[in-house]
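I opened my notebook to work through this structure entry by entry. Here is what I looked up.

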Amino acid sequence: MDTLHRQIFSHLAVLAVAWLAGNATAAPAVSPDQLARGQYLVRAGDCASCHTAQHGKPFAGGRGIVTPFGVIFSTNLTPDKESGIGRWTEKQFYGALHDGVDDEGHHLYPAMPYPWYTKLSRADVDAIHAYLGTVAPVRQEARPVQLPWPLSWRGSMVGWNMLYFDAGTYQTDTSRSAQWNRGAYLVEGLGHCSACHSPKNVLGAVKKHESLEGGSANEHWFAPGLGGNLRDGVGSWSNAEIVEYLKTGANLKSASVGPMTEVVMNSTQYLTMADLDAIATYLKQRPAAPTKSPPEMAALGADALARGQALYIDNCTACHMDDGRGVAGVFPPLAGSSAIQADEAGTDVHVVLSGSRMAAPASKPTGLAMPAFGWKFDNAQMVDVINYIRHAWGNRAPTIDVDLVKAVRKDVKPGDSPSRDAVKVRADAHARPALWDVDEDPHLRPHAPAAPASAEGH
Amino acid sequence: MATKLKPVDIVLVGFGWTASILAEELTRTGLQVLAIERGKYRDTVPDFATTHIQDELRYAVRNGLFQEPARDTLTFRNSMDQTALPMRHLGSFLPAVGVGGAGVHWNGQTWRFLPQDFVIRSHTEQRYGKSFIPPDMTIQDWGVTYAELEPHYDKFDYLCGISGAAGNIQGQIQPGGNPFEGPRQRGYPLPPLKRSYATVLFDKAASEIGFHPFPCPAANTSAAYTNPLGVRMGPCTYCGYCEWFGCGNYSKASPQVTILPVLRQRDNFSWRTHCDVTRINLDSSGKRATGVTYVDEQGRQFEQPADLVICCAFAQHNVLLLLLSKIGKPYDPITNTGVVGRNYAYQITSSVDVFFDKGTILNPFMGAGALGQAIDEFNGDNFDHAPYGFIGGGYIALWTTGGRPILQHHLPQDAPKWGAGWKKAMADNYLSSTSIATHGSVMSYRDAYLDLDPTYRDIYGDPLLRLTFDFHPNEHKMSGFLTDKATLIAEAMKPRSLHPKPRDGHYSIVPYQTTHNTGGCAMGDDPNTSVVNKYLQCWDVPNVFVMGSSVFPQNAGYNPTGTIGALTYWAADAIKNKYLKAPGPLVQV
């Protein structure tokens with residue numbers, strides 16, 4: 001164990017003791033192993049991404065989750081007794097994750113992914129609860145939701161749950177391998193992948209029969225399909241490429257952008273290789289989704305293609321190259337990219353408009369960024385260049401029109417550039433906090449190193 | 001009054017190449033390292049993004065990335081009998097401001113000095129006799145040898161992903177490389193850049209004469225590269241916007257592109273920007289630094305205690321900081337005593353413009369900062385100096401750094417200076433002209449030095465640094481010799497016409513020459529002639545180290561960054577493995 005890990009480990013142990021001392025009446029003993037496991041699960045569930053506001057204290061909530069219905073603010077998961085979950089019992093906490101009901105019996109909004117977390121085992125939920133009990137308490141009251149009536153009335157969720165929510169712990173499919181089942185547990189449960197990567201109905205519920213076929217990740221980001229499709233799924237990805245992508249944010253086929261960069265930085269980079277292999281196994285055994293047949297090149301027109309190509313050559317080739325293949329290991333390819341060929345082009349527009357930054361885990365620390373073009377391209381140019389990359393080099397996807405660009409531009413500041421602040425886990429302000437501020441609370445840095453190796457796995 | 005901050009272990013003054021290297025090396029020890037930078041934080045995106053960086057007017061003409069003289073400058077005079085005046089516009093050299101320092105806006109020309117360069121006095125005396133060195137020339141051995149620095153040169157080469165062709169691997173001369181270079185332990189990490197047509201013509205001409213041309217070592221990547229820190233670089237696109245610009249393509253080595261991604265992940269590293277360090281503080285004995293004092297953007301003064309202070313600012317600024325902090329004895333040219341400010345040197349450059357017929361298309365806009373072909377026959381002591389009566393030399397190179405419209409074009413002498421005639425000359429010559437450069441060494445002299453100006457003061461009321469410098473006959477003679485050799489090659493290229501531009505007369509601070517300012521904190525093995533010992537540690541205050549070209553005792557005929565990088569790794573190694581284990585003087589005299 002290196003020094004850093006030893007420090008973290010001892011810190012965990014000390015906190016565990018402190019936590020136990022402060023909860024002398026609490027029945028279950030919490031071991032450092034259970035805390036480490038809780039931390040691992042909290043990461044696998046990507047709790048930090050939503051429950052930490054930009055520049056906010058870890059797990060103190062307050063991040064606005066922008067949904068099609070309005071803004072829902074994440075709540076405070078720290079053990080503060082007044083504003084956090086410090087008074088919540090294990091049972092109450094389990095109720096929130098398993099049934100979507102808080103300690104006072106109020107219904108949660110499904111922006112909190114209880115429709116997925118309901119699949120978690122009781123032991124896993126208890127470990128998560130134990131770990132959250134050790135993070136530094138922060139006094140920060142929840143912010144009221146910004147939703148229209150009747151959605152602003154939490155009771156309305158009873159109806160939603162009746163229609164769309166099936167409570168129930170994950171049931172092992174005995175006809176499948178243990179690895180497949182582990183993958184299913186992570187993808188369909190803790191990882192709540194389909195919360196973004198699936199189409200939703202008008203009430204925001206995942207269309208069950210189209211799960212993981214690609215969907216909105218809010219704020220115009222489109223999470224591509226994870227089915228076996230070659231064009232707009234992961235059909236062309238090997239298991240190893242899926243693992244590499246989740247571990248590092250990039251592989252030879254693609255690189256993370258937008259919310260997925262956060263997911264990699266806050267969650268998947270910490271998963272064990274065994275768990276990542278399980279996820280890959282599960283995803284690769286999913287069938288291809290029925291795909292809309294994209295228009296042929298002719299639908300775009302030679303003029304539009306030529307305009308787009310001219311813009312592409314002047315602005316994009318330095319990194320992505322004439323042939324759209326990028327530079328292996330550095331700049332991601334556009335040719336053959338499932339994200340670029342997704343039926344909905346929100347991600348394409350978002351990235352060209354405001355730029356993006358790749359994940360920068362310790363294993364691939366560079367954090368390459370693409371600059372924003374929103375200030376440079378007008379809407380017509382945006383349409384031309386995006387239609388070009390969706391049709392060049394054998395790519396095929398529905399054409400986009402200027403209305404989509406306008407819609408994204410309305411919500412994304414055109415001057416936005418992908419500062420490193422966007423990656424929450426490495427919340428590098430342009431001046432890092434003074435050393436001692438960090439030091440006072442090393443345990444709480446959301447970018448604390450991975451748990452000791454000995455505590456990984458299950 | 002200054003607000004006293006909580007102590008750190010190591011404070012770095014400045015946050016450019018040397019500070020970045022040190023921070024990466026020293027944070028590995030677990031110590032807390034803080035860099036204090038006068039400029040702003042800068043990153044490839046958005047600061048140097050390809051969407052806007054190729055803007056010659058903004059960056060090259062209007063000095064977008066450089067120090068603002070209105071905020072920080074020095075005074076200048078050619079000789080001690082003159083009154084120095086403040087440099088109110090940048091000209092001869094262009095110090096950077098901001099994270100990454102000049103490592104952001106350099107060309108990427110990454111040379112190693114010759115083995116003899118580090119022992120120039122003893123080597124010269126041995127080969128030519130003591131009387132060969134003029135009495136007022138104050139050159140000295142560095143106290144460190146090429147052999148000692150070689151592993152650290154290697155480390156810097158591999159950090160940056162240098163593109164080049166080795167000329168000497170462990171004593172074996174390699175075809176196509178520089179046969180005069182010191183032995184290197186292995187080849188360059190990347191093959192040479194693709195050649196421009198102009199460099200092909202230069203190569204052919206130089207070879208025909210019997211010289212040994214080779215591709216210049218370039219911190220512009222000829223292919224994708226992952227450095228030993230795991231940081232990835234993209235291949236250079238030959239956009240021609242290196243010098244005076246940041247690279248938007250992750251292909252020119254800079255702190256941002258090679259080190260900062262890993263440094264940002266170290267929790268024992270932090271930095272502060274927009275902070276001017278005004279003093280290194282000493283305890284009552286004057287023998288120990290207690291930290292630094294700095295002023296932030298709002299004018300608030302802070303005292304930052306630290307166990308170790310390392311000066312990583314631009315060359316002259318390090319000298320100023322030592323003088324203001326009363327570290328080391330200031331140099332006095334009258335009595336020839338003292339050391340701080342002594343042995344300032346620079347670079348002497350010249351060129352030969354070459355014009356071909358319109359049919360010879362050179363496409364100069366396809367360039368890279370260190371895309372060039374050079375010969376090294378006339379550098380250092382690679383040739384017998386006895387017949388010529390001067391010391392030093394330089395490389396002769398044809399660079400295709402770019403073909404920017406405003407400042408990177410060549411016109412024949414008789415071309416009109418404006419109007420339709422000028423436009424026609426531009427149209428006729430832009431694609432078919434190039435230039436051969438000479439890059440000459442500058443020796444150090446008793447009357448070339450830095451001290452505190454008696455009259456002019458900065459925004460904090462402190463004296464400005466005063467630069468007293470002129471070219472000496474030795475340098476004019478040497479540069480003229482190089483210019484003649486360059487002309488010889490130019491003629492062999494069989495152009496329509498050529499135009500030699502020798503460096504005549506007094507040194508002028510107005511026209512741009514190079515940002516290769518050296519000296520003032522010379523290193524050496526004698527405290528009477530050097531500020532820092534061979535490990536770049538101050539003789540007088542052992543917990544202060546000085547990095548960068550200010551430690552060069554004189555300047556060689558190469559760009560300095562490769563040697564700065566090597567010296568920094570060398571010093572980092574000494575700090576980690578010697579100083580931190582037993583803080584105190586590393587060299588006893």
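Which residue in S16(B) is the bridge partner of B:Pro215? I looked it up and found B:Gln373. I note at the start that this is a predicted model.

**Entry: the six-stranded sheet**

S8(B) and strand S16 (residues 372–375) of chain B pair in the antiparallel sense, over 2 bridges. I then traced the whole sheet. It is open, has 6 strands and runs in the order S8-S16-S17-S18-S15-S21 in chain B. The pairing is antiparallel. At the edges I found strand S8 (214–215) and strand S21 (497–501) of chain B, each of which pairs on one side only.

Next I asked which helices pack on this sheet. Helix H7 (residues 197–209) of chain B does, touching S16, strand S17 (394–399) and strand S18 (433–440) of chain B. The direction of H7 makes about 20° with that of S16(B). Helix H12 (residues 473–492) of chain B also packs on the sheet. I saw H12 touch strand S15 (348–355), S17, S18 and S21 of chain B. Its direction makes about 150° with that of S18(B).

**Entry: the four-stranded sheet**

I moved to another open sheet in chain B. It has 4 strands in the order S5-S4-S20-S19, and its pairing is mixed. Why is one side of S5 and of S19 left without a neighbour in the sheet? Strand S5 (85–86) and S19 of chain B stand at the edges with a single partner strand each, so one side of each has no neighbour there.

I checked the pairs next. Strand S4 (residues 74–77) of chain B runs parallel to S20(B), and 4 bridges join them. In this pair B:Thr75 has B:Arg466 in S20(B) as its bridge partner. Strand S19 (residues 449–457) and strand S20 (residues 463–468) of chain B pair in the antiparallel sense over 5 bridges. There I found B:Tyr449 opposite B:Thr468 in S20(B). S19(B) and S20(B) form a hairpin, with 5 residues between them. In the turn, B:Gly461 has a positive phi of about 85°.

**Entry: chain A**

I turned to chain A and took its totals. It has 19 helices and 6 strands. Of its 458 residues, 47% count as buried. I also looked at contacts between residues at least 6 apart in sequence: 66% of them join residues at least 24 apart.

I picked out helix H10 (residues 239–248) of chain A. 7 of its 10 residues are buried, so H10 is largely enclosed by the rest of the structure. Among those buried are A:Ile242, A:Glu244 and A:Lys247. What covers the buried residues includes helix H11 (258–266) and helix H12 (273–284) of chain A. Just after H10(A), I noted a positive phi of about 90° at A:Gly249.

How do H14(A) and H17(A) cross, and at roughly what angle? The axes of helix H14 (residues 302–315) and helix H17 (residues 379–389) of chain A come within 8 Å and cross at roughly 95°. H14(A) and H17(A) are therefore roughly perpendicular to each other. On the H14(A) side, the residues that meet H17(A) include A:Leu305, A:Arg307 and A:Tyr312. On the H17(A) side, they include A:Asp384, A:Val385 and A:Ile389. By class, this contact has 7 nonpolar, 4 polar and 2 charged residues.

**Entry: where the chains meet**

I counted the contact between the chains. It takes 31 residues from chain B and 32 residues from chain A. Helix H2 (44–47), helix H9 (260–263) and strand S11 (269–272) of chain B each give two or more residues to the side that touches chain A. That side of chain B has 13 nonpolar, 13 polar and 5 charged residues.

I then followed B:Ala49, which lies in the loop between H2 and helix H3 (56–61) of chain B. Is B:Ala49 buried or exposed? It is buried, with 22 other C-beta atoms within 10 Å. Leaving out residues up to four places away in sequence, B:Ala49 touches A:Pro371 and B:Gly248. I also looked at B:Gly246, 197 residues from B:Ala49 along the chain; their C-alpha atoms are separated by 8.3 Å.

**Entry: the core**

Last, I looked up the largest nonpolar core, which has 279 residues. B:Leu12, B:Val13 and B:Ile310 touch the most other members. Helix H13 (residues 561–579) of chain B gives the largest share, 8 residues.

Methods
Residues are numbered from 1 along each chain as its sequence is written. Chains are lettered from A and ligands numbered from 1 in the order in which they are written. This is a predicted model: local features need pLDDT of at least 70, side-chain atom pairs count only at pLDDT 80 or more; totals for chains, interfaces and linings use all residues. Two residues are in contact if their C-beta atoms, placed from the backbone, lie within 7 Å. Ala, Val, Leu, Ile, Met, Phe, Trp, Tyr, Cys and Pro count as nonpolar, Asp, Glu, Lys and Arg as charged, and the others, Gly among them, as polar. Two strands pair if DSSP finds at least two bridges between them. Axes are lines fitted to C-alpha atoms, for helices over the stretch in contact, and angles run from 0 to 180 degrees between N-to-C directions. Angles under 35 degrees count as roughly parallel, over 145 as roughly antiparallel, 65 to 115 as roughly perpendicular and the rest as oblique. A residue is buried if 20 or more other C-beta atoms lie within 10 Å of its own, exposed if 12 or fewer, and partly exposed in between; C-beta atoms are placed from the backbone. A nonpolar core is a set of buried Ala, Val, Leu, Ile, Met, Phe, Trp, Tyr and Cys residues joined through C-beta atoms within 7 Å.
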